[in-house]
Amino acid sequence: MSASFTTCYGCGPCRPRWMKLVDNLYSGNPQDNSSHSKLTYFCSRKPEKVDRIANYLYRRMANDLHRRNYPYVKIAIEAINSLINACRDQRLNLLVVSFLKMIQLLLESNKPDLQILGTDSFIKFSQIEEDTPNYHRQYDDLVDHFSKMSHCSLPERELSNRIRVSGIIGIQGVIRKTARDQLQIDILQSSSMDKIIPSLLFNIHENPPLDTRVPDDSHFDPAREAMFVFKDIVCRASYTNIKPVVTSILT
């Protein structure tokens, strides 16, 4: 870790307790979950430290990505996932800003494993029911990356399909996360539809979906996933906001 990075918070015995708890995640047995439990417990007792912890995880992950230290990147994502699962109240908003920046870094990496890791993490986040939607969150950048992933064309067809499916379910995660009143209207009426709908239709038209009556978990079928997400979007669109969806289909 660079000196400029550590001096922001201190080093050695001068480090605050929350930083030591985060650093402990990167040492010892990776299978030992006690460090995660201690960090989660600390956040429950000191909620005012949550935003600092999340930002520190983001900065560590950015540094590890730059150094191509991918095992540490995975540790950071697992840590932020654990905190998000534990923070189901107002503290969640303190984590989300750093969390979304971490997801964006993974999607920007252009490394399939990291892109899929980021998508899986975002999907878990999208399934969390929040009492009050946050109207200040922006998902446009994620839509851009998920749409690009859904157009993936690599020589290895299986890997290409896997990335496409990941991008498509990422789009579904954005739709699910914004499926609350004004948030849903915003996403359906935004320019994001001009990226989402063409991405779904591209996969549907390129290869007709396999028989959905015969599930095949070993096969990544972008067309089937795209059809499912497309139907979900149409079902969520009301009479007042169906126009942007239809317009994206016709153009």
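This is a predicted model: local features need pLDDT of at least 70, side-chain atom pairs count only at pLDDT 80 or more; totals for chains, interfaces and linings use all residues.
Local features need pLDDT of at least 70 and side-chain atom pairs count only at pLDDT 80 or more, while totals for chains, interfaces and linings use all residues. Residues are numbered from 1 along each chain as its sequence is written, and side-chain values use heavy atoms, with hydrogens and water left out.

**Exercise 1.** Work out which residues the salt bridges of Asp-23 join into one network.

*Solution.* Start with the cut-off: a salt bridge puts a side-chain nitrogen of Lys or Arg within 4 Å of a carboxyl oxygen of Asp or Glu. Asp-23 pairs with Arg-15, with the closest N and O atoms 2.4 Å apart. Next, Arg-60 also bridges to Asp-23, at 2.7 Å between the closest N and O atoms. Put together, the shared partners make one network of Arg-15, Asp-23 and Arg-60.

**Exercise 2.** Decide whether Arg-60 and Arg-15 are buried or partly exposed.

*Solution.* Buried means under 20% relative accessible area, exposed over 50%, and partly exposed in between (1.4 Å probe, protein chains only). Arg-60 has 8%, so call it buried. Arg-15 has 23%, so it's partly exposed.

**Exercise 3.** Find what Asp-144 ties together through its salt bridge.

*Solution.* Its partner is Lys-195, with the closest N and O atoms 2.4 Å apart. Asp-144 lies in helix H8 and Lys-195 in helix H11 (residues 193-206), so the bridge connects parts 51 residues apart in sequence.

How values were computed: Helices (H or I, at least four residues) and strands (E, at least two) are DSSP runs, numbered from the N terminus.
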